[in-house]
Amino acid sequence: MGSSKMTNGIFNLTNSTNFLFSIADSKLTDAFTLSLQNVNTPSVSIPVTKAPGQSQGISTGDFPGSGFEFEPLRIQFIVDAELQSWVQMYKWMLSVSNYMDRGQSGWDNNDTQKPAVLNILNNDKTDVILAFRFHGAFCSELSDIEWDYTVQSNPAMICTAIINYRKLDVEYKGEVITGRVGDIAENSSKYTTAAISKLAMHPSLRG
């Protein structure tokens, strides 16, 4: 009995290979997708605002800012023998900002592409549990690749790509996570008008 109570809060562990990353860029990066080795879920943060923590400015406290900040994706992929994965990523960069022919730059032409998507799969790799949708995604950096005669073995050649984006949506089991506002509206019978108004205030203004 005691052992059952102790294990109730333990969840099945996810696997590090439970991911699938896709880029909606007119099939430019097929080879890159096949060669993808690892990708991080981006860190997100609310900027902190410093303000007086009490009357007369005796102390300074931290308050949540009004915005949201997203860290870029850092992706590593194998450079194949034909260098297709690297070339396709470079073509994707040129499709966004072409320094040789500005008329070919998608950024200047206001192209509206579909978001890049990072799917986190279940352990059977049959269903998507969590999906990160990156709107306005573009590759901002490709790392250098080092060729070296002094290496004794023949290791895989790895390149790192940095993916920036305008914003992201997070879907959990097919539904976009929207936060508490939707929960309050859905359960409005549990809250009075005064209670909802109070929740809408900044924490520092609530009595």
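A residue is counted as exposed when its relative accessible area is over 50%, and by this cut-off P52 is exposed, because its relative accessibility is 53%. The model described here is a predicted one, and P52 is found in it within strand β4, which covers residues 48-52. Between P52 and F63 there are 11 residues of separation in sequence, whereas the distance between the two in space, from C-alpha to C-alpha, is 9.5 Å.

The strands of a sheet pair through backbone hydrogen bonds, in either a parallel or an antiparallel arrangement. In this model an open sheet of 5 strands is built with antiparallel pairing, and its order is β1-β8-β9-β12-β13. At the edges of this sheet lie β1 (19-22) and β13 (175-176), each of which pairs on one side only. Strand β8, made of residues 116-121, runs antiparallel to strand β9, made of residues 128-135, and the two are paired over 6 bridges; within this pairing, L121 has V128 of β9 as its bridge partner. Strand β9 is also paired with β12 in the antiparallel sense, again over 6 bridges, and here H135 has K167 of β12 as its bridge partner. The antiparallel strands β12 and β13 are joined by 2 bridges, with E171 standing opposite V176 in β13. These two strands, β12 and β13, form a hairpin with 2 residues between them, in which K173 takes a positive phi near 55 degrees.

In soluble globular proteins, nonpolar side chains tend to be buried together. The largest nonpolar core of the model contains 26 residues, and those with the most contacts inside this core are F21, M89, F134 and I163. Two or more residues are given to this core by each of the elements β2 (36-39), β7 (73-78), α3 (84-96), β8, β9, β10 (138-142), β11 (158-164) and β12.

Aromatic rings were examined next, and the count comes to 5 aromatic pairs. One of these pairs is formed by W86 and Y90, which are stacked, with 5.2 Å from centre to centre and 15 degrees between the planes. Both W86 and Y90 lie in helix α3, where they are 4 residues apart, or about one turn of the helix. Elsewhere in the description of the rings, F68, F70, F132, F134 and Y165 are linked by ring pairs into a cluster.

Rolling a probe the size of a water molecule over the atoms shows where empty space is left. The second largest pocket of the model has a volume of about 340 Å³. Its lining is made up of V44, I46, G67, F68, F70, L168, D169, V170, V176, I177 and T178. Strand β12 (residues 167-172) provides the largest share of this lining, with 3 residues. When the lining of the second largest pocket is divided by class, 8 residues are nonpolar, 2 are polar and 1 is charged.

Notes:
Residues are numbered from 1 along each chain as its sequence is written. This is a predicted model: local features need pLDDT of at least 70, side-chain atom pairs count only at pLDDT 80 or more; totals for chains, interfaces and linings use all residues. Side-chain values use heavy atoms; hydrogens and water are left out. Two strands pair if DSSP finds at least two bridges between them. On a 1 Å grid over the protein atoms alone, a cavity is a set of points where a 1.4 Å probe fits but cannot get out, and a pocket is an open set with protein on both sides within 12 Å along at least five of seven lines; lining residues have an atom within 4 Å of a point. Grid points are joined across faces, edges and corners, and a volume is the space filled by probe spheres set on the points. Ala, Val, Leu, Ile, Met, Phe, Trp, Tyr, Cys and Pro count as nonpolar, Asp, Glu, Lys and Arg as charged, and the others, Gly among them, as polar. A nonpolar core is a set of buried Ala, Val, Leu, Ile, Met, Phe, Trp, Tyr and Cys residues joined through side-chain atoms within 4.5 Å. Buried means under 20% relative accessible area, exposed over 50%, partly exposed in between (1.4 Å probe, protein chains only). Rings of Phe, Tyr and Trp (its six-membered ring) pair if their centres lie within 6.5 Å; planes under 30 degrees apart count as stacked, over 60 as edge-to-face and the rest as tilted.
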